[in-house]
Structures are given as structure tokens and as C-alpha cells.
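Work through the exercises below with the sequence and the structure at hand, and try each task before reading its solution.

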Amino acid sequence: MRVLVAMSGGVDSSVAAMLLQEQGHEVVGVFMRNGVAGKSAQEKSCCSASDARDAAVVADRLGMAFYAVDYEQEFAALMDHFAAEYRRGRTPNPCVLCNQQLKFGRLFRLADDVGAAAVATGHYARVVDGALCTARDVSKDQTYYLFGVERAALARTLFPLGDLTKPEVRALAAARGLSTAEKAESMEICFVTSGDYRDVVRARGGGGAPGRFVDLQGREVGRHDGIDGFTVGQRKGLPALGAPHYVVAIDPTSGDVTLAPRDALGSHAMFVAGVHWLVEPPSDGAAVAAQVKVRARHAPAAATIVAHGAAARVAFAAPVAAITPGQAAVFYDGDRVLGGGWIEGVAAAAAAGRPA
């Protein structure tokens, strides 16, 4: 069948396209331009002009059709949201939104335009009997970033790398003579070209007024230049208080950044908004046993989810550290993704006789 492949100019999407072609599919490559460029050779995006050239070279090597599509306005909206979240004292995850709105949103419309039956990417994930499942290589699994994909879209989604490891992918690229075989990994957030996310925040409306560092009793222990420089769980860049302290809360109204010892970071429960299910949604008030990730590199923690519409309360079997508003919370049942949502904050767990 005809398959539209999102090509970033990296080795993963290159091999994804190659494997689909070798399986007999007619592959059409597409590069998504984000309109972001670094100010110097050292500042480059993973969607830069050089990456577009790399993707085009691979497409030419494979003899496949290739297009570059302008998504500058769409990426600008993602960047505005990114900056606004930091001004609210939250820590956003733009990669999840990009997958939801662009790679598995706009690209399906483009696939329809070119008569493609499916969309493929170089993500390390699997679709098994219509369900989103983790990659065989757990260290590379990217399902955390994919929970927002529509259930119906999974039937038209291919992840050719789901059963491969990164070394295997590079070996395949080298064996086929692809120019991206040894290309370095791309940066995590494509539009943060300088390496400092605060540059994006401050260029798009500023990062909030200066404020205070306070302890758990509300006593001032220092001053800061803006809440955009901090995230829950952060240790670096804080006042020297004689013992390690961490950010445990950020108040965008007062500008207070609360610091506390590590043992204050743990929470037994949290609220999640914008819940999106990839399985049949549970009835309101029903308890769902699952494993929940609160950040991309977090080991899934045993939890019970009680949902009410698009909101949910998640109670953990053991305290989880640094639950961060603005990050995604993704629900798993073994290797299957049940769904996920956006962390609003920690919740009281008085009913269980536990601290929040």
C-alpha cells in the first residue's frame, strides 16, 4: 500500500522508510518544516535546513517521492503554549502535543490528500491488534509521547522500529549505505535551538516577574529572576541552604518558589486533566488498576485511577517523587498503553491515611 512516512533527517525515520519499502510498500516521505533556525552553526534544530537535506538525500537513495511541508504556524502555536505554561509555573511537554496535533493529526490529512493508506514514523513503539504497546527495547520506548493519538488513527499507524534496538537500526542503515547511519541523536525539543528553553520563553512574552524562594513555612530564603527558570524536582540553581533542597511548588501569582528537602518531594496522589483513553473508557467513578508514568524516564508506578469524564484522580501504592504540573501522566497495563492526561497537581490522600 502507499504509506506516508514522517522523515526528520535522522537515522530512525530513514530506516523506517527503508524497511517499509523493502516490505513492498510505496513510500512517500514528508519533512515537517518548523520555521525555527539557530543563530549560529552551534544552534540547530532537529528540523533544520540541514536535516531537510539529509532526509532528501535518503529519499533519493531509496528512490522514493519526498516532500517538505511548511508547518511554521502550527509550530509557532506549540511554542506559544510552551512559553505560556512556564509563565503559569508549569513544565510543559511539547513533544506530546506535537505528536497529537501534527504528526498524527495534520499528517493524516496529508496522507488522505496523497492517497496514502497509512502514516509511519520512526518512533520506538508498536501497534498490536489495534492497541498501542511499548517497544521491545524498553530503553528506547517512546509510547509516553504517543498517548494522545486518536484510537481510530492507530489502525492506520505503522511503527517499523518497534521490534528493533537502536544498534540494530544503525546497523541496518549502514548495511544499506544510508548517509544518516552514524548521525547523532537529535535534541529533545526541536525548537529550543540554543539549548536553554528559557530563551524561547523570554522571546515569547517573558518568563514572569522576579520573586522569592521560600521554605515550607513560607519564610524567604532567597530571590530569583523569574519562575520560568524552575521546575518541580529541580535541585540546581537554588540558594545554598546548608543541605540539598529541591523545588516542590511554584506559585505563578505570588512568584514564590518553594524549596524543601528531598523527602518532601514524594506524593501519594495527583489530579490529571484532559484524560484521553486508548481503550474503552471506564465508567465514571470506576477504579482502574494500572501502572503510571509521570515523566518520560520514570519507571511506571503501581496506581489506581478513578476517572470522572476527562478528569481523574490517581492514587499511588507508594509515594512518587517530583510530580510536576504540566507534564503528561501515561497509564499502562503491562506493555499496553491505556491512555493518559496532563498533571494538574498533587492531591490529598487523607482517605487512605496518607500524606499528600
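Residues are numbered from 1 along each chain as its sequence is written, and side-chain values use heavy atoms, without hydrogens and water.

**Exercise 1.** Find where pLDDT (the predictor's confidence in each residue, from 0 to 100) stays under 50.

Solution. Then turn to residues 39-43, where pLDDT stays under 50 and the model has four contacts (heavy atoms within 4.5 Å) beyond four places in sequence. Residues 349-356 also have pLDDT below 50, with 17 contacts in the model beyond near neighbours in sequence. Where pLDDT is low, the predicted coordinates should not be read in detail.

**Exercise 2.** Decide how the radius of gyration of the protein stands against that of a compact globule.

Solution. Apply the globule rule, 2.2 Å times the number of residues to the power 0.38, with the radius taken over C-alpha atoms. For 356 residues the rule gives a value near 21 Å, and the protein agrees because its own radius of gyration is 21 Å. Next, note that 52% of the residues are buried, meaning under 20% relative accessible area with a 1.4 Å probe, protein chains only.

**Exercise 3.** Locate the kink in helix α4.

Solution. Helices are DSSP runs of H or I, at least four residues, numbered from the N terminus. Helix α4 covers residues 94-113, and its kink of about 30 degrees is centred on Leu107, where the bend is the angle between axes fitted to the seven residues ending there and the seven starting there. Finally, just after α4, Gly115 has a positive phi of about 75 degrees.

Note on methods: This is a predicted model: local features need pLDDT of at least 70, side-chain atom pairs count only at pLDDT 80 or more; totals for chains, interfaces and linings use all residues. Helices (H or I, at least four residues) and strands (E, at least two) are DSSP runs, numbered from the N terminus. The expected span of a helix is 1.5 Å times one less than its number of residues. Buried means under 20% relative accessible area, exposed over 50%, partly exposed in between (1.4 Å probe, protein chains only).
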